[in-house]
Amino acid sequence: MNVLGEVIHPVDNPFSKEKADLGRKLFFDKRLSRDSTISCASCHIPQYAFTDRKMFSNGVGGGQTERNASTLLNSAYLKTVMFDAHLQSLELQVIVPIQEHVEMDMNMVDLIRRLRLIPEYQNAAKSIFNREFDAFVLTRSISAFERTLISTNSRFDQFYYTNNSSVLTKDEKEGWKIFTDKLYCTKCHPAPYFTNYTAENNGLYYEYGKDQGRFRIHGDTNDIGRFKVPTLRNIELTYPYMHDGSIPTIEEVIKHYAKGGKGHYNQSDIIQPFELSDKEIKQLKAFLFSLTDTSYMIDFH
Ligand code: HEC
Ligand code: HEC
C-alpha cells in the first residue's frame with residue numbers, strides 16, 4: 001500500500017533497478033569522503049529512519065554540521081530539499097554533503113578520478129548510462145536510490161486508508177482527533193505526507209541567533225526563522241527534533257506549541273497557546289507514534 005501515490009521520477013532521470021542498486025552502493029561507500037571515513041549512511045542510518053539520533057552530525061575529521069540530519073524516507077515526494085527549502089531536486093542535493101568541509105570534505109574532480117578507478121563503478125556507469133563514471137552518474141544514481149526509500153505502511157495508514165478501525169488503540173484514535181480537530185497541527189502537517197512542504201516559522205525561538213533559516217538564501221527578513229516543515233512520519237525514530245535537534249522528546253515539542261511558541265516576529269499566526277490534560281498529551285503522543293513504519297527495513301538487514 002502506498003498512500004502517497006506513485007513516485008514521479010524526473011524526466012532526466014528515469015528509474016531503473018540497476019541505477020538504484022548502483023546508488024545504494026554509493027550511498028554506503030565511505031570512499032566518497034576525503035579520508036574514506038564517512039558515507040551518506042554515516043549520518044543517514046537506515047534503522048533510525050535515515051537520521052543519526054544526534055543533535056548535530058559528525059563528518060570528516062570530527063567536523064560537525066550546523067543542523068540535525070533529516071530523514072530520507074519518502075524524500076521522493078519532497079517539493080524542495082533541505083531545511084531552507086531551496087533546492088529543487090534530490091539530484092542537486094547530492095554534491096552538497098560531498099563537498100561540505102564538515103561533512104565529506106571531498107573535491108568533486110578528485111572524487112570522480114577516485115571512483116573511476118573502481119571497476120565495479122566504471123562498468124556500471126558504462127552499462128547503465130553509456131558513459132564514463134562522472135558527476136552525472138553519481139548524482140542520478142544516488143537520487144534514484146533515495147526515491148526507493150518509501151515508508152507508508154504505519155498502523156495509522158492501515159487504520160485511516162483501509163478503514164480498519166481495530167488497528168489503532170482508543171488512545172491513538174483520540175490523539176488523532178486532538179491533532180486534527182482540537183489543535184491546528186494539520187495546517188502545516190496534514191495527512192498523508194504530514195507536511196505541507198512549505199517553510200514556516202514555528203516560533204522555536206524569540207531570536208534565532210546564528211542559524212536564521214531560509215533567510216540565508218535570499219537575505220529576505222521575512223524568511224528569518226523559517227525552516228521546512230518536516231514530515232511527522234516515523235517521528236518516534238527521528239529524535240532529537242527541530243533543525244538544531246534542540247528538543248529531545250515529543251512531550252517537550254508539545255509543550256513548545258502549547259505555550260504558543262516563543263513569539264518571534266515572523267512566527268506563524270496559526271501557532272497559538274492551548275491547554276491539554278496529561279491524558280491528552282499521552283494520547284497525542286500515542287497517535288504520533290502510530291506513524292512509525294519500519295517495513296522499509298526489510299531491505300537493510
Ligand atoms: C556529516 C553528516 C551528513 C552526511 C555525510 C550526509 N548528510 Fe545528508 N543531511 C545531513 C544534515 C545535517 C542535513 C540537514 C541539512 C539542511 O537541511 O540544512 C541533511 C539533509 C539531507 C537531505 C535533505 C532532506 C530533506 O528533507 O530536505 C538529503 C536528501 C540528504 N541529506 C542526502 C544525503 C546524501 C545523498 C548524502 C551522501 C552523498 C548525505 N546526505 C550525506 C547530514 C549529512
Ligand atoms: C505554522 C506551521 C506549523 C504548525 C501549525 C505546526 N508545526 Fe510542527 N513544525 C513546523 C516547522 C516549521 C517545524 C520545523 C522547525 C525547525 O526545524 O526549527 C516543525 C517541527 C515539528 C516537529 C519536529 C519534527 C522533526 O523531525 O524535527 C514536531 C514533532 C511537530 N512539529 C509537531 C507539531 C504538532 C504536534 C503541532 C500541533 C500542535 C504542530 N507541529 C504544528 C511547522 C508547524
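Mentor: Start with Arg67, which forms a salt bridge with Asp84; the closest N and O atoms of the two are 3.0 Å apart. Arg67 lies in the loop between helix H2 (40-43) and helix H3 (90-93), and Asp84 lies in the loop between H2 and H3 too, so the pair ties together parts that are 17 residues apart in sequence. As background, side chains of opposite charge can pair when their charged atoms come close. Keep in mind that this is a predicted model.

Arg67 has another partner to look at. Its side chain meets that of Asp211 in a salt bridge, with 2.8 Å from N to O. In the model the count comes to 21 salt bridges. Between domain 1 and domain 2 the count is three.

That brings in the domains. The protein is divided into domain 1, residues 17-146, and domain 2, residues 155-299. To their contact, domain 1 gives 26 residues and domain 2 gives 26 residues. Taken over C-alpha atoms, the centres of the two domains are separated by 27 Å. Between them the domains bury about 2300 Å², and 56% of this is on carbon and sulfur atoms.

Phe50 is in the loop between H2 and H3. The phi angle of Phe50 is near 65 degrees, a positive value in a residue other than glycine.

Now turn to the space around the domains. Rolling a probe the size of a water molecule over the atoms shows where empty space is left. The second largest pocket holds about 230 Å³ of space. Domain 1 and domain 2 both give residues to the lining of this pocket, so the second largest pocket lies between them. Its lining has 14 residues, and Arg24, Thr148, Leu149, Asp299 and Phe300 lie nearest the centre. Helix H1, residues 17-27, gives the largest share of that lining, with four residues. Sorted by class, the lining of the second largest pocket has eight nonpolar, two polar and four charged residues.

The bond from Ala191 to Pro192 is cis, with omega near 0 degrees. Pro192 is placed in the loop between helix H9 (170-182) and strand S1 (199-200). Tyr239 and Pro240 are also joined by a cis peptide bond, and there omega is about -5 degrees. Pro240 lies in the loop between strand S2 (227-228) and helix H11 (250-258).

Definitions and conventions. Residues are numbered from 1 along each chain as its sequence is written. Chains are lettered from A and ligands numbered from 1 in the order in which they are written. This is a predicted model: local features need pLDDT of at least 70, side-chain atom pairs count only at pLDDT 80 or more; totals for chains, interfaces and linings use all residues. Side-chain values use heavy atoms; hydrogens and water are left out. On a 1 Å grid over the protein atoms alone, a cavity is a set of points where a 1.4 Å probe fits but cannot get out, and a pocket is an open set with protein on both sides within 12 Å along at least five of seven lines; lining residues have an atom within 4 Å of a point. Grid points are joined across faces, edges and corners, and a volume is the space filled by probe spheres set on the points. Helices (H or I, at least four residues) and strands (E, at least two) are DSSP runs, numbered from the N terminus. Ala, Val, Leu, Ile, Met, Phe, Trp, Tyr, Cys and Pro count as nonpolar, Asp, Glu, Lys and Arg as charged, and the others, Gly among them, as polar. Domain bounds come from an automatic or database domain assignment. Contact means heavy atoms within 4.5 Å. Buried area is the accessible area (1.4 Å probe) that two parts lose on being put together, summed over both. A salt bridge is a side-chain nitrogen of Lys or Arg within 4 Å of a carboxyl oxygen of Asp or Glu.
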